[in-house]
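Biologist: I would like to learn how to read a structure like this one, feature by feature. Could we start with a residue and then work outwards?

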Amino acid sequence: MRKSTPGAVAALGLSLATLVLGTAVPATAGTTAGPTARASYAGSAEEAAANKAFFEAVLKSVAEKRAASPRSAAAVTVIYNASRAPSFSAEIARSTSIWNSSVTNVKLQSGSASAADFTYREGNSSQGSYASTDGHGSGYIFLDYAQSDQYDPTRITAHETGHVLGLPDHYSGPCSELMSGGGPGTSCTNANPNAAERSRVNQLWANGLAKALR
């Protein structure tokens, strides 16, 4: 059972209110991508840069491994480790399955922490759920207890995983758009990327890493 607390819920409300005003502050020394947010928040240049940095960190990690051990497979394999997010194991498995069945040029695969290109973590954070990187190939997705009690946890997990694959936030989008995050409200439970999102990920990862690294 997830350990959400009244204090964490209050912090989440504060975080979302702050985001609506566009003054979110990262909670870590690394670069962070903000949490799933309300429809009235349109995102910021800082968040967009953070999402891009996270994607590039994962690309760098994958590219280094492929260079050391070249593979002929067209699809790129991105390794993740979920050992630090046991409460969300089912949601992580579902979101991974959703992405793997939605795109063809990149695949997510569970692996050891030492081999992972990124990891999942869980806990309480005033930021809610977010993606983070230190800019040096060490990236993780943080899944927030309180936020997952308000929003659909599989949608949150699939949304944050979308950043790994190169997709930016688009909070003003409809529920059918996965990267609209919490914009459509707590009633939205769609955890599947739409056609445009699937196409964009396939374009980013086309021909191995060649296109993504341009």
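Predicted model: local features only at pLDDT ≥ 70, side-chain atom pairs only at ≥ 80, totals over all residues.

Biologist: Where is Pro184 found, and which residues is Pro184 in contact with, leaving aside its neighbours within four places in sequence?

Modeller: Pro184 belongs to the loop between helix 5 and helix 6. Once the neighbours within four places in sequence are set aside, Pro184 is in contact with Arg155, Gly173, Pro174 and Cys175. A spacing between C-alpha atoms can be read alongside such contacts: Pro184 and Tyr171 are 13 residues apart in sequence, and their C-alpha atoms are 7.9 Å apart in space.

Biologist: Is Ser172 buried or exposed, and where is Ser172 found?

Modeller: Ser172 is also a residue of the loop between helix 5 and helix 6, and with a relative accessible area of 55% Ser172 is exposed. Between the C-alpha atoms of Ser172 and Gly182, which are 10 residues apart along the chain, the separation is 9.3 Å.

Biologist: Cys175 was among the contacts of Pro184. How many disulfides does a search of the whole structure find?

Modeller: The general idea is that a disulfide is a covalent bond between the sulfur atoms of two cysteines. In this structure the search finds 1 disulfide, formed by Cys175 and Cys188, whose sulfur atoms are 2.1 Å apart. The torsion about the S-S bond of Cys175 and Cys188 is about 85 degrees, so the disulfide is right-handed. Both Cys175 and Cys188 lie in the loop between helix 5 and helix 6, so the pair ties together parts that are 13 residues apart in sequence.

Biologist: What is the relative accessible area of Cys175, and what is that of Cys188?

Modeller: Cys175 has a relative accessible area of 28% and is therefore partly exposed, whereas Cys188, with 4%, is buried.

Biologist: How should I read the protein chain as a whole, and how many helices and strands are there in it?

Modeller: The protein chain has 6 helices and 6 strands, and along the sequence they follow the pattern α-β-α-β-α-β-β-β-β-α-α-α. Of the 214 residues of the protein chain, 50% count as buried. Among contacts in the protein chain with a separation of 6 or more, residues 24 or more positions apart account for 64%. The protein chain exposes about 9,200 Å², of which carbon and sulfur atoms supply 55%.

Biologist: Which residues touch the most other members in the largest nonpolar core?

Modeller: As a general idea, in soluble globular proteins nonpolar side chains tend to be buried together. Here the largest nonpolar core has 31 residues, and those that touch the most other members are Trp99, Phe118 and Trp205. Elements that give two or more residues to this core include helix 2 (45-68), helix 3 (89-102), strand 3 (106-110), strand 6 (139-144) and helix 6 (195-204).

Biologist: Are Phe118 and Tyr120 buried or exposed?

Modeller: Phe118 counts as buried at 1% relative accessibility, and Tyr120 is buried with a relative accessible area of 0%. Tyr80 is buried as well.

Biologist: What sits over the ring of Tyr140?

Modeller: A ring can also be read together with a charged group. In this structure the charged end of Arg121 sits over the ring of Tyr140, 3.8 Å from its centre.

Technical notes:
Residues numbered from 1 in each chain as written. Heavy atoms only, no water. Buried < 20%, exposed > 50% of the residue type's maximum accessible area, 1.4 Å probe, protein only. Lys NZ or Arg CZ within 6 Å of the ring centre and 35° of its normal. Helix = DSSP H or I, 4+ residues; strand = E, 2+ residues; numbered from the N terminus. Contact = heavy atoms within 4.5 Å. Areas by Shrake-Rupley, 256 points an atom, 1.4 Å probe, with all protein chains shown as cover. Core = buried A, V, L, I, M, F, W, Y, C linked by side-chain atoms within 4.5 Å. Disulfide = S-S within 2.5 Å.
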